[in-house]
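Reader: Please take a close look at one part of this model and describe it in one connected answer. I would like the cut-offs spelled out as you go.

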Amino acid sequence: MSVNDWREEVVNRLREVKYPGFSRDIVSFGLVQDMELTGTDLKLKLKITTPDPAVPEKIGQEIRDSLKGYAPVKSVAIETEVAPPQATAATGPQGIPGVKKIIAVASGKGGVGKSTVAANLAVQLAKGGLKVGLCDCDLYGPSQALMLGCREGVRVEEGSERLVPAEVHGVKLMSMGMLLGDDSPAALRGPMVTRFTQQFLRQVAWGELDLLVLDLPPGTGDIQLTIVQTVALDGSVIVTTPQEVALVDARKAMAMFRKVNVAILGIVENMSFFVAPGSGERHEIFGSGGGRKEAVRQRVPLLGEIPLDPEARRCGDEGRPVVLECPGSTSGKVFVDFANYVSKILFLNISS
Ligand SMILES: Nc1ncnc2c1ncn2[C@@H]1O[C@H](COP(=O)(O)OP(=O)(O)O)[C@@H](O)[C@H]1O
Ligand SMILES: [Mg+2]
């Protein structure tokens, strides 16, 4: 067997091994430094940047599992070198000058109402007197400009070349997608996305803000990872709907935040129930209690249970979030309470 045959097969199998808590594999993460096959004994050298002993243990187990059934390898010895995380020295998560608190609104799954939650949170807190910024980080499906009814394009600050956020409903708004033409996202992949995201996050002239809300794209891939590694977050808000398919992905998002030591401020369950107009009957369309149970399981607060409300959808489509347009509606009231809860956790330091 030629050298490259076994190498190729081993690498292919290692590509199936995900870094714990991430959707990315250990090969593309650059963990695999060296490999050597003597007879049927495989020696692997891994470079790991976390001091958490559970990580190499879990990766080792998965590597062994991935190589099971591959006859040329009978035994696997793994040598791990624990390197200090490169990122924290020079390019690790950093705050944004002038911005007091930064949080991410995230979900594993798309379509659960993350942008709706982020928009209502930002607008409600701005209404309450805080200086709030909202950054739509969804490169491929930005929606905040539409949800907030913002028609302003991107302006570049003279001299500094920094990007100036638009102002709408008292919130400073910036969207990563604003910089890209209609068909460019498809061309922006891999390392380019990472570079673009890092540059973008450092190039916005936010000015003085009490709170910056990052509306993350769904998932736990490269973009999300880049964001949480670039900006020092004060916490994350996890949005889910009650059903298991959404909860599975929400758990992945929480694992990602835990991995990078970002506090989970709590879970907000959206589309929790629907109150029929007229009869007032409550329908639990996507099941009930999923978010509450998960919050207990994860030992984080349940920040709210937002009903499915046609008003919320209409307001979103019309560019006036429900907390502005109809704060007394079934969803409006819950959004207001939810925003106040988040603000208490962030600014009064009540434990989350
Ligand atoms: N509680 C709700 N009641 C009714 N419609 C909602 C609610 N939350 C979100 N929506 C609607 O669902 C769609 C998806 O929401 P969005 O916030 O864009 O999700 P995500 O950002 O997670 O992809 C939007 O049309 C939005 O207006
Ligand atoms: Mg969205």
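Author: Lysine 114 counts as buried because 28 other C-beta atoms lie within 10 Å; the label buried takes 20 or more other C-beta atoms within 10 Å of a residue's own, exposed takes 12 or fewer, partly exposed is in between, and C-beta atoms are placed from the backbone. This is a predicted model, in which local features need pLDDT of at least 70 and side-chain atom pairs count only at pLDDT 80 or more, while totals for chains, interfaces and linings use all residues. Residues are numbered from 1 along each chain as its sequence is written, chains are lettered from A and ligands numbered from 1 in the order in which they are written.

Helices (H or I, at least four residues) are DSSP runs numbered from the N terminus, as are strands (E, at least two). Serine 115 is also buried, with 28 C-beta neighbours inside 10 Å.

Leaving out residues up to four places away in sequence, lysine 114 touches Val105, Ala106, Ser107, Asp215, Pro218 and Val239. Contact means C-beta atoms, placed from the backbone, within 7 Å. With the same exclusion, serine 115 touches Ser143, Gln144, Met147 and Asp215.

Around ligand 1 there are 18 residues, of which Gly113, Lys114, Ser115, Thr116 and Gly316 come nearest; a residue is near if its C-beta atom, placed from the backbone, lies within 6 Å. H4 and helix H10 (310-318) each supply at least two residues of this shell.

An unreviewed UniProt entry places the feature "binding site" at Gly108, Lys109, Gly110, Gly111, Val112, Gly113, Lys114 and Ser115. UniProt positions follow the numbering used here, feature names are shortened, and annotations may be inferred rather than shown by experiment.

Definitions and conventions: Contact = placed C-beta atoms within 7 Å.
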